Amino acid sequence: MATIRPVASLLLVAVFIATAFGKPAANDDSTWSEVDHSAQLAHKRARSAHAQSRTAPTDQERTPDYWTNMARASIDEALRLQTLNTNVAKNVVLFLGDGMGVSTVTTARILKGQKAGNPGEETVLAMDSLPYTAMSKTYNIDQQVPDSAGTATAFLCGVKAEAGVIGVDGRTRYGNCSSSKGHEAESIIVHAERAGKSTGIVTTARVTHATPASAYAHSAARGWEADSDLSAEARENNCTDIAYQLVEEAPDVEVILGGGRRMFTPRTATDPEYGNNGDRNDGVDLIQRWQDGKTGTAHYVWNGTGFRDVDPESTDYLLGLFEMSHMKYSADRNLTDPAEEPTIADMTRKAIEILQKNDNGFFLLVEGGRIDHGHHASQAVKALEDTLAFDDAVQVAKDMLDTSDSLIVVTADHSHTLTFAGYPDRGHPIFGQNVYTPDDVWDGLPYTTLLYGNGAGYSLVETTNGNVTQVTRQNVTDVNTADKEYKQQSAVPLASETHGGEDVIIMAGGPMAHLFHGVQEQHYIAHVMMYAACLGENTEHCDKPSTPKPVGSAGPAARGSYYTVALTTILYSLLLMAATPF
């Protein structure tokens, strides 16, 4: 029997190797579909041989070692993350890309790389490097495809509600002021202020728009931004407008930066930039009232010059309203004008510099609001340029904050109908036209890699050749589809492109970021942020010892130690088995 033991040991080793590293059996059901994709691929390769836009793979990319080493580095990082950061989050920053669905993130990533002179697909966004991810289900309780008010109420207040409502629960009916009474939902900003933290709001939309409003206001209708917008029923039941609530009912928000001046000024006031009048019927100058109500050092600014003159060290409160309505698209900014409004990255930096003076920490909401508007206009260039500006703001927070005590969360409220398709070659200009042959496109016309499911880009053209009249898509062969004003073509004609209803991604790093996992309801985001910062009612864990600050990524020595321990354990077990008599 002793002679059988070595054989058994060797057999065990062989079984271990086979099960750990063996190639899985082929799956007979693994065909893609009934479409002959192999024929499509061959056809594409034939025409790609002459495509000038094609980027050849690098020599590194053609070697297995390149991909193996990349995967091993990722595994090392994943192993390092097994030491969970269970510290209390002193600071929380929520970055909300309005309308930033997965297709927007992917195509913005490629755009960033191509602007740097690279193919683009291999590029890493600042948000991409956050280590934990999950998916968020975005529906409102009454809509399959959501609006931004109901979604913001979910991720800021922790409850799902109807579309169109702000900071109230599901018992509130859209547009019905009386139904909102007693059904207000407190946001994470309220909990943070109650805990002694500083708070701030940064947005490229109006500060009274759906997402920022849900951080401080309670309204049965997102459109009630100024008193002139209130319905008769709202006035009869003493509901107040959103701008009024920001100044009079949420006075402790230290930093407010964005657009929307006209919601705060009366119709008798003249705007300092455009000369237009405000929207308020009550005659109240809410900007002046905001300044009068502050006991610390408070500054109001309306252009880039005033903004850049603000000293964060000596500033307790900052209100910046840089446009009458929404701020400019990133693609429309005048880079040579010294008074040009600040970027979202500039605003994020200034906000953190002011808020981080509080030893208790802070909560900051940063919204890239105009990503959504670019998509609604079917102008992908504007949407993606604003996505890159938003990502720059994420990088600012990563550079300024230590994730040992600061939680950074990046997500979207919903998606859009932007599609990214057509078998373009590696490095193909993201706003470019697909190479085609008549066999691929039945109408024989080129199409762009980026299209919308619906929207203002729908266009049919009638052409006549002899006695034959045809109605086809617009021929974009000679059109500059990378121009910021170009509207990508769509399948269904609508004045404004719609939201998309698919899940959106959550990316996070810092204390308790590992709680973002799997597929979650959107309101889960608010609860994780409050749990991480010990806000609200769920605070039983807050007295536990903190996790030591992680020491850098595991290097080759650490990786080798994992393998050494595992191999030693296996060999030792086999020797024991070989030496043990039956």
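This is a predicted model: local features need pLDDT of at least 70, side-chain atom pairs count only at pLDDT 80 or more; totals for chains, interfaces and linings use all residues.
Trainee: Why is Asp443 called buried, and what is Arg473 called?

Mentor: Buried means under 20% relative accessible area. Asp443 has a relative accessible area of 18%, so it is buried, whereas Arg473, at 22%, is partly exposed.

Trainee: What makes Asp443 and Arg473 a salt bridge?

Mentor: The rule asks for a side-chain nitrogen of Lys or Arg within 4 Å of a carboxyl oxygen of Asp or Glu, and the closest N and O atoms of Asp443 and Arg473 are 2.9 Å apart, so the pair qualifies.

Trainee: Which residues are linked with Arg426 in a network of salt bridges?

Mentor: The network links Arg426 with Glu61, Glu121 and Glu122. Arg426 forms a salt bridge with Glu121, with the closest N and O atoms 2.8 Å apart, and this pair links distant parts of the chain, 305 residues apart, since Arg426 is in the loop between β10 (418-420) and β11 (450-455) and Glu121 is in the loop between α4 (102-115) and β2 (132-137). Glu122 also forms a salt bridge with Arg426, the closest N and O atoms being 2.9 Å apart, and here the two residues are 304 residues apart.

Trainee: What makes β5 and β17 the edges of the open sheet?

Mentor: The ten strands of this sheet come in the order β5-β6-β4-β3-β7-β1-β8-β16-β2-β17, with mixed pairing. β5 (298-301) and β17 (519-521) each have a single partner strand, so one side of each is left without a neighbour in the sheet. Neighbouring strands are turned by 15° against each other on average, direction ignored.

Trainee: How do you know that β1 and β3 each pair with β7?

Mentor: Two strands pair if there are at least two bridges between them. Seven bridges join β1 (residues 91-97) to β7 (residues 362-368), so these strands pair, and they run parallel. Six bridges join β3 (residues 198-206) to β7, so this pair also meets the requirement, and it too is parallel. Bridge partners in β7 include Leu364 for Val93, Phe362 for Asn91 and Phe363 for Thr199.

Trainee: Why is β7 described as largely enclosed by the rest of the structure?

Mentor: Seven of the seven residues of β7 are buried, so the strand is largely enclosed. Phe362, Leu364, Val366 and Gly368 point one way, while Phe363, Leu365 and Glu367 point the other way. In a regular strand, side chains alternate between the two faces of the sheet.

Trainee: Which residues touch the most other members of the largest nonpolar core?

Mentor: In this core of 57 residues, they are Leu156, Tyr216, Phe264, Phe363 and Met529. Helix α16 (residues 524-533) supplies the largest share, six residues. Leaving aside neighbours within four places in sequence, Phe363 has contacts that include Val92, Leu94, Leu156, Ile188 and Met529. Another core, of 52 residues, lies apart from this one, and Val202, Ile344, Ala351 and Leu388 are among its members.

Trainee: Which strands does α16 lie across?

Mentor: Helix α16 lies across β1, β2, β7, β8 (406-412), β16 (504-509) and β17, and it runs at about 175° to β8.

Note on methods: Residues are numbered from 1 along each chain as its sequence is written. Side-chain values use heavy atoms; hydrogens and water are left out. A nonpolar core is a set of buried Ala, Val, Leu, Ile, Met, Phe, Trp, Tyr and Cys residues joined through side-chain atoms within 4.5 Å. Buried means under 20% relative accessible area, exposed over 50%, partly exposed in between (1.4 Å probe, protein chains only). Helices (H or I, at least four residues) and strands (E, at least two) are DSSP runs, numbered from the N terminus. Contact means heavy atoms within 4.5 Å. Axes are lines fitted to C-alpha atoms, for helices over the stretch in contact, and angles run from 0 to 180 degrees between N-to-C directions.
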